[in-house]
Amino acid sequence: MPNSDSVEARLAVMRFDYARRLPDAVARIREAWRHVSLGKSPCGLSTIEREAHKLSGSGTAFGFPEVTISARYLESFVATVSPRSPLTAEQSTQISALIDRLEHATKTTPVAGSRNQSKARVARQ
């Protein structure tokens, strides 16, 4: 079993790497939203939902509980939108605001209290 210092070091590297990748995840969501907004991608909403789902499942584990919460709101809202119907102005405004909220959450400082959840994952690897 690894000692706690090596586990902590591995967790720190994992949190750093996760934080470094967050802007790319938001960029993928923004790009999909841009295509949806322009009417260029009927599958863009499913891309947004899928990317938000990934973040909602991983944020807290890596010390970003606000990413989890924001991504979950975005995922839940997009799931209620029919891809076959045009978006209403209200839906567009809401999705844009939720993406902005998610992006803001990615710029927060990681919460150290989440390390116990991550520690369990590292120990199993």
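Here are some exercises on the predicted model above, each with a worked solution.

**Exercise 1. Overall build**

Work out how many helices and strands the protein chain has, and in which order the elements run.

*Solution.* Start by counting: the protein chain has five helices and zero strands. Then read from the N terminus on, and you get α-α-α-α-α. Next, look at burial: 34% of the 125 residues count as buried. For the surface, the chain's accessible area comes to about 7,400 Å², with 56% of that belonging to carbon and sulfur atoms. Finally, check the contacts between residues at least 6 apart in sequence: 69% of them join residues at least 24 apart.

**Exercise 2. The pairing of α1 and α4**

Find how the axes of helix α1 (residues 4-37) and helix α4 (residues 89-106) cross, and which residues make the contact.

*Solution.* Two things describe a pair of packed helices: the angle between the axes and the distance between them. Here the axes come within 10 Å and cross at roughly 170 degrees. An angle over 145 degrees counts as roughly antiparallel, and α1 and α4 are therefore roughly antiparallel to each other. Now for the residues. On the α1 side you'll find L22, V26, I29, R30 and W33, while α4 brings S92, I95, S96, I99, D100, L102, E103 and T106. Sort the contact of α1 with α4 by class and you end up with seven nonpolar, three polar and three charged residues.

**Exercise 3. Two helix residues, S70 and K54**

Decide whether S70 and K54 are buried, partly exposed or exposed, and place each in its helix.

*Solution.* Take S70, which lies in helix α3. Its relative accessibility is 1%, so S70 counts as buried, the cut-off being under 20%. What does S70 touch beyond residues up to four places away in sequence? The answer is R101, L102 and A105. S70 and R101 are 31 residues apart in sequence, yet their C-alpha atoms sit 6.4 Å apart.

Move on to K54, in helix α2. With a relative accessible area of 45%, K54 is partly exposed. Its C-alpha atom is 8.3 Å from that of A71, 17 residues away along the chain.

**Exercise 4. Two loop residues, T60 and G39**

Locate T60 and G39 between the helices, and work out how exposed each one is.

*Solution.* T60 is in the loop between α2 (44-58) and α3 (65-79). Its relative accessible area is 24%, so T60 is partly exposed. From T60 to V111 there are 51 residues along the chain, and the C-alpha atoms are separated by 8.4 Å.

G39 is in the loop between α1 and α2. At 66% relative accessibility, G39 goes down as exposed, since the cut-off for that class is over 50%. P86 is 47 residues from G39 along the chain, with 8.9 Å between the C-alpha atoms.

Conventions:
Residues numbered from 1 in each chain as written. Predicted model: local features only at pLDDT ≥ 70, side-chain atom pairs only at ≥ 80, totals over all residues. Heavy atoms only, no water. Helix = DSSP H or I, 4+ residues; strand = E, 2+ residues; numbered from the N terminus. Buried < 20%, exposed > 50% of the residue type's maximum accessible area, 1.4 Å probe, protein only. Contact = heavy atoms within 4.5 Å. Areas by Shrake-Rupley, 256 points an atom, 1.4 Å probe, with all protein chains shown as cover. Axes fitted to C-alpha atoms, helices over the stretch in contact; angles between N-to-C directions. Parallel < 35°, antiparallel > 145°, perpendicular 65-115°, else oblique. Nonpolar A, V, L, I, M, F, W, Y, C, P; charged D, E, K, R; others polar.
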